[in-house]
Amino acid sequence: MTKPLAQKTDYRAVIDIGSNSVRLVVFSDLSRVPDVIFNEKIMCGLGAEVGTTGSMGEGAIEMAITALKRYRRLCEQMGVVDIDTIATAASRDADNGTEFVQRVNKECGLNVTVISGEEEARLAGLGVLAGQPNASGVMGDLGGGSLELARIKDGGVADTLSLPIGPLRLRAMYDGHLPSIKKHIRTEFEKIDWLQNAVGEDVYLVGGAWRNICKLMLWERANNLTVLHGYKIEHREVSTYCRRLISLRSDDIPFANNLPSKRRDVLPIAALILSELIKFLRAKHAVVSTYGIREGFMFDQLDEIERKKDPFLYSCRVLAEERCRFPEHADVIFNWTRPLFYKPVMPLVQMQRLHMAICLLSDIAWRGHPDFRAEKAVELVLHGNFVSITHKERALVAVALNQAYGAPIEALQATRVLSLLTIPEIMEARIMGSAIRLAQRLSGGAVYGLINSALKLDKRWVTLEVKSDTKDIISSVVEKRFKQLAVLMGKSAQIKFDDDITNIIK
């Protein structure tokens, strides 16, 4: 066997053998938010024939074996030592599932664990919590052969179950006859006692088919922000869109030509399952999670301290330490700006969390060309691989960084997301960005200038108090940026030194 090109024992691989696809994800390490080093899926359709013949098709098996051999070799070349291989509905339900697993073990050198439907639901639920710690409602993970459901509440997963109603299985069972499929789905839901207790809650969507439905919605609506994770959709809009998909042939679905044909073909039945679930639960919203069983598998191995870390701030801090000149400056700036925000426009905890993120990312684009730093910083926030952040929150952080880099609010990178915010939220973001711009010029990136000065606010004035023995840090550029901050706040600006000298900026 070929030796790894480079040993990198921190890398962790998870191979997921599903009913529709076989996927390899290589993570950077076991941490709160590991980076994805490599991600590949091959649409094998192992569960396509299970609903009719009871077995996985030989062609699908051969395709999966070929893919798994490739994955094993890729892991060797990347120096991946820890490889976890899990198999779900097709492998556990098919008559030839055991034989298939034995072949994978022997021919691919992979030790496959066939997990139960309840365990699959638990891990997918943990995946949702890994990416959205405050999630509360019902998690639905739709695979090709099954639908896993779990109740998510108070940071935990409960009431897990697996239903044999994946699109591939239902299409095979009823030859694509939608009225019969609908009746079958309703019958399955009515058997579940605990679902009645979740009526009126949100539904968290996991699985490629449902994500693709939501992706099509974003494309068709021409949303300015097309990030899937955290995309929250009102139930009526989801139901209406699903009814439309159900009535269309897969080739006629708008924008669906961008999807693989095997994904496109299951969309009408996937839409029918989603529509029936939302109707049965009378759900308030559907919320997309790009985290699922693989991320849940990793999250499950963390200790309690790591699990409780905020995933968004964790990622921001990692980026700051990698890319910013003075990452330790962020905490000082955060404390220095607090007096400006005594009347938050959103809940205090939420506001402080976003302000901390803005401080951490405030120097993220310093290597870029000066004319494009604002654009680069905004792009990173709007399309960065962050979790546990809503579209509105991305927009607020982006507008703040646009201001921090001195770009006008009329700049294209900012205006494209202003509709996601209220005017008070826009102003708060701009004030925070302007305060950071002042802090960076005042301090030059060192903490000295900030720990020897303070901001004060009253009905008329924004005051910058500076110790007299450090007054040399004040310059005309500092005064200009301080005045810009005061104007944004509708205040007058003055600088006071502790020897009672006052400099009113006009």
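Author: In this predicted model, the count of cavities of 30 Å³ or more comes to one. The space in this largest cavity is about 380 Å³. Its lining is made up of 28 residues, and those closest to the centre are Ser 21, Leu 142, Gly 143, Gly 207 and Gly 208. Two or more lining residues come from each of strand S2 (21–27), strand S6 (137–142), helix H6 (167–174), helix H8 (208–221) and helix H12 (293–299). H8 gives the most, with three residues. By residue type, the lining of the cavity divides into eight nonpolar, twelve polar and eight charged.

The largest pocket holds about 1,200 Å³ of space. It is lined by 45 residues, of which Val 36, Asn 39, Thr 290, Tyr 291 and Asn 385 are closest to its centre. S2, H8 and H12 each supply at least two residues of this lining, as do strand S3 (36–43), helix H14 (311–323) and helix H17 (373–383). S2, H8 and H12 are also among the elements that give two or more residues to the lining of the cavity. In the pocket, however, H14 gives the most, with six residues. The pocket lining consists of 20 nonpolar, twelve polar and 13 charged residues.

Helix H5 is a separate matter. It runs over residues 117–131, and at 1.5 Å a residue these 15 residues should span 21 Å; the end C-alpha atoms are 21 Å apart, so the two values agree. Twelve of the 15 residues of H5 are buried, and therefore the helix is largely enclosed by the rest of the structure.

Most residues other than glycine have a negative phi. Asp 154, in the loop between strand S7 (147–153) and strand S8 (156–163), has a positive phi near 55 degrees. Asp 154 has a relative accessible area of 75%, over the 50% cut-off, and is therefore exposed. Arg 282, which is not a glycine either, has a positive phi of about 50 degrees. Arg 282 sits in the loop between helix H11 (267–281) and strand S11 (285–288). With a relative accessibility of 60%, Arg 282 also counts as exposed.

Key: Residues are numbered from 1 along each chain as its sequence is written. This is a predicted model: local features need pLDDT of at least 70, side-chain atom pairs count only at pLDDT 80 or more; totals for chains, interfaces and linings use all residues. Side-chain values use heavy atoms; hydrogens and water are left out. Helices (H or I, at least four residues) and strands (E, at least two) are DSSP runs, numbered from the N terminus. The expected span of a helix is 1.5 Å times one less than its number of residues. Buried means under 20% relative accessible area, exposed over 50%, partly exposed in between (1.4 Å probe, protein chains only). On a 1 Å grid over the protein atoms alone, a cavity is a set of points where a 1.4 Å probe fits but cannot get out, and a pocket is an open set with protein on both sides within 12 Å along at least five of seven lines; lining residues have an atom within 4 Å of a point. Grid points are joined across faces, edges and corners, and a volume is the space filled by probe spheres set on the points. Ala, Val, Leu, Ile, Met, Phe, Trp, Tyr, Cys and Pro count as nonpolar, Asp, Glu, Lys and Arg as charged, and the others, Gly among them, as polar.
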